[in-house]
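My entries follow the order in which I looked.

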Amino acid sequence: MGLVNAAYPPGSRDAALEAFQLVLVRLSLDPAKATVRTEDQAMRAVERGLRARLSSQGITGVAYIELDFVSPERFPPREVPWEPDYPVVPSMPSTVAQVQNAAEAILSRIQQAPLEQLLDDVSGIVRTLRTQVDEGDFAHLLAEAAQTMALLRQVVQSSDVPAMVAELRGVAADLRTTFAGPEIREALANTGAATEEMRRALTRLPAVIGALEQTARAARNTTQDTNADLAPILRDLRAVVSNLRDTTETLRRAPGRPSSARRRRRPPTADESPRMNRRLLLLALPALASLPLGACSVIPERPYVETKRFPLDPRRDGPPARRGRGRVLQVRLMRAAPGQDTRGLRTLREDGTISVDFYAEWSAPPVELAEEAMRRWLSASGLFNGVVATGSRVSPDLVLESELTALHADLAKGEAVAGLSVVLLRETGGDAQLLTQLAIRGTAPLPPQRPLPPELAAEAMNEALASALGALERGRRATPEGGGAHGPSSHPRPIFLFLTIVQAAPR
């Protein structure tokens with residue numbers, strides 16, 4: 001044991017810093033008894049918080065050096081400005097030194113406190129309190145409280161308290177007589193009877209609720225049957241309107257062409273021949289009379305041009321994917337945007353005008369063909385366990401509403417365009433929750449031939465619609481639904497909007 005200056009003498013007077021005034025204690029450990037056998041183990045123990053401090057036995061006992069593990073953050077090791085020959089165990093203040101330092105700090109703060117100013121402030125507060133009690137607001141408050149107590153004493157003394165108590169007793173007796181009378185008893189009996197009637201009504205309430213549920217179920221089944229019947233009727237009406245449009249267009253193109261729907265009649269029998277001859281003679285007279293008028297007809301004779309009809313049937317590449325579990329999608333009738341309800345092939349010219357080819361058209365209204373193609377595409381995608389149409393009696397988990405927004409050939413850009421607007425809904429209990437809204441635009445390159453043949457235009461539009469349906473499938477896979485397979489979550493999910501532009505690869 002000795003001073004650091006003796007063991008490590010400084011090289012100059014400037015080097016005799018405060019660190020060289022420390023006490024150096026050297027000790028050795030018996031490797032057979034100690035767990036620390038190497039210098040590395042000793043340094044790791046120091047890093048974990050091994051410190052040395054001065055302790056004593058009792059208050060006036062012998063002092064000794066104690067080694068203990070403490071928090072290394074609270075007592076960090078001290079940097080020494082010399083190169084020690086052996087591992088150094090840092091020291092920490094002893095308990096007595098800590099108490100002494102704390103006491104010295106407290107005494108220093110007390111000595112620095114302005115005691116005279118504090119005594120002057122206390123004296124000022126006492127003078128202020130004495131002034132308030134003698135002649136200030138507090139004195140006036142005490143005087144008013146005394147006057148109020150005197151007035152209350154006079155009111156109590158002047159009031160007839162015994163008479164008031166007697167009146168209260170009379171009122172209590174009257175109330176007791178009233179409640180004990182026959183009217184109150186009858187009212188209580190009627191209340192008991194009404195309670196019993198309510199109990200019996202409540203026992204019948206489950207049966208009434210069951211009947212209402214059966215009525216609602218029957219109404220729902222009737223509505224589903226009506227929807228199932230309305231869907232074919234609407235399709236038949238579409239077909240009738242389309243046939244009328246075709247017939248009108250055919251008559252406008254070739255008014256002089258005989259109808260191909262002429263019925264073949266069987267040859268007349270012997271009994272019918274004279275009668276038929278008379279009828280033909282009567283019919284021939286007006287026809288002969290109208291011959292001079294026929295030469296003056298203003299209807300032009302045009303050659304008949306046969307209309308070409310093309311299918312709108314995009315095909316999904318690859319085999320059908322594995323179907324999902326527990327989800328049924330209902331695809332409602334697709335709506336047609338303005339101008340998309342015609343069957344003729346639409347072309348957007350270089351000057352920005354739109355032409356509709358009356359001699360090249362789709363085999364059915366394009367909105368119906370696109371709806372059927374979408375239903376087949378989603379069924380083959382494997383996203384759903386089943387894809388049904390409007391009117392099906394299957395309760396769907398999700399509902400898809402769509403609109404055909406574009407289907408034409410853009411000559412200026414050299415591409416065919418197919419546009420769809422899709423809304424995915426979840427309907428529960430009569431409420432519809434919007435899950436996703438998709439605006440899709442699919443394109444496909446057009447061949448360079450000009451004028452563009454209708455066969456190539458129809459083929460490019462099929463490819464554009466296939467690209468749009470593929471984008472719909474990919475957007476549906478990337479859309480979260482929330483709420484599980486059989487019901488919505490307690491909090492509505494946000495709405496996702498996708499705008500997908502797909503360019504089909506040229507063939």
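What is the volume of the second largest cavity? I read about 40 Å³ for this cavity. I note that the model is a predicted one.

**Entry 1: the second largest cavity**

I looked up which residues line this space. They are Gln340, Thr342, Gly344, Leu345, Arg346, Trp362, Pro366 and Leu407. Strand β8 gives the largest share of this lining, with three residues. By class, I recorded four nonpolar, three polar and one charged residues.

**Entry 2: Arg346**

I then turned to Arg346, one of the lining residues of the second largest cavity. Arg346 belongs to strand β8, which covers residues 344–348.

Is Arg346 buried or exposed? I found Arg346 to be buried, and it has no salt bridge. The nearest side chain of opposite charge is that of Asp341, at 6.5 Å. A salt bridge requires a side-chain nitrogen of Lys or Arg within 4 Å of a carboxyl oxygen of Asp or Glu.

I next listed the contacts of Arg346, leaving out residues up to four places away in sequence. Arg346 touches Gly339, Gln340, Ile354, Ser355, Val356, Leu407, His408, Ala409 and Met461. Among these contacts are Gln340 and Leu407, and both of these residues also line the second largest cavity.

**Entry 3: the largest cavity**

How many cavities of 30 Å³ or more does the structure hold? I counted two. The largest has a volume of about 110 Å³.

I looked up the lining of the largest cavity and found twelve residues. Those nearest its centre are Leu400, Leu424, Leu438, Leu472 and Arg476. By class, this lining has nine nonpolar, two polar and one charged residues.

Which elements each supply at least two residues of this lining? I noted strands β12 (415–428) and β13 (431–445), together with helix α11 (454–477). Strand β12 gives the most, with three residues.

**Entry 4: the whole protein**

The protein has eleven helices and 14 strands. Of its 507 residues, 26% are buried, and Arg346 is one of the buried residues.

Among contacts between residues at least 6 apart in sequence, 68% join residues at least 24 apart.

Notes: Residues numbered from 1 in each chain as written. Predicted model: local features only at pLDDT ≥ 70, side-chain atom pairs only at ≥ 80, totals over all residues. Heavy atoms only, no water. Helix = DSSP H or I, 4+ residues; strand = E, 2+ residues; numbered from the N terminus. Buried < 20%, exposed > 50% of the residue type's maximum accessible area, 1.4 Å probe, protein only. Lys, Arg positive; Asp, Glu negative; His and termini not counted. Contact = heavy atoms within 4.5 Å. 1 Å grid on protein atoms, 1.4 Å probe; cavity = no way out; pocket = protein on both sides within 12 Å on 5 of 7 lines; lining within 4 Å. Points joined across faces, edges and corners; volume = space filled by probe spheres on them. Nonpolar A, V, L, I, M, F, W, Y, C, P; charged D, E, K, R; others polar.
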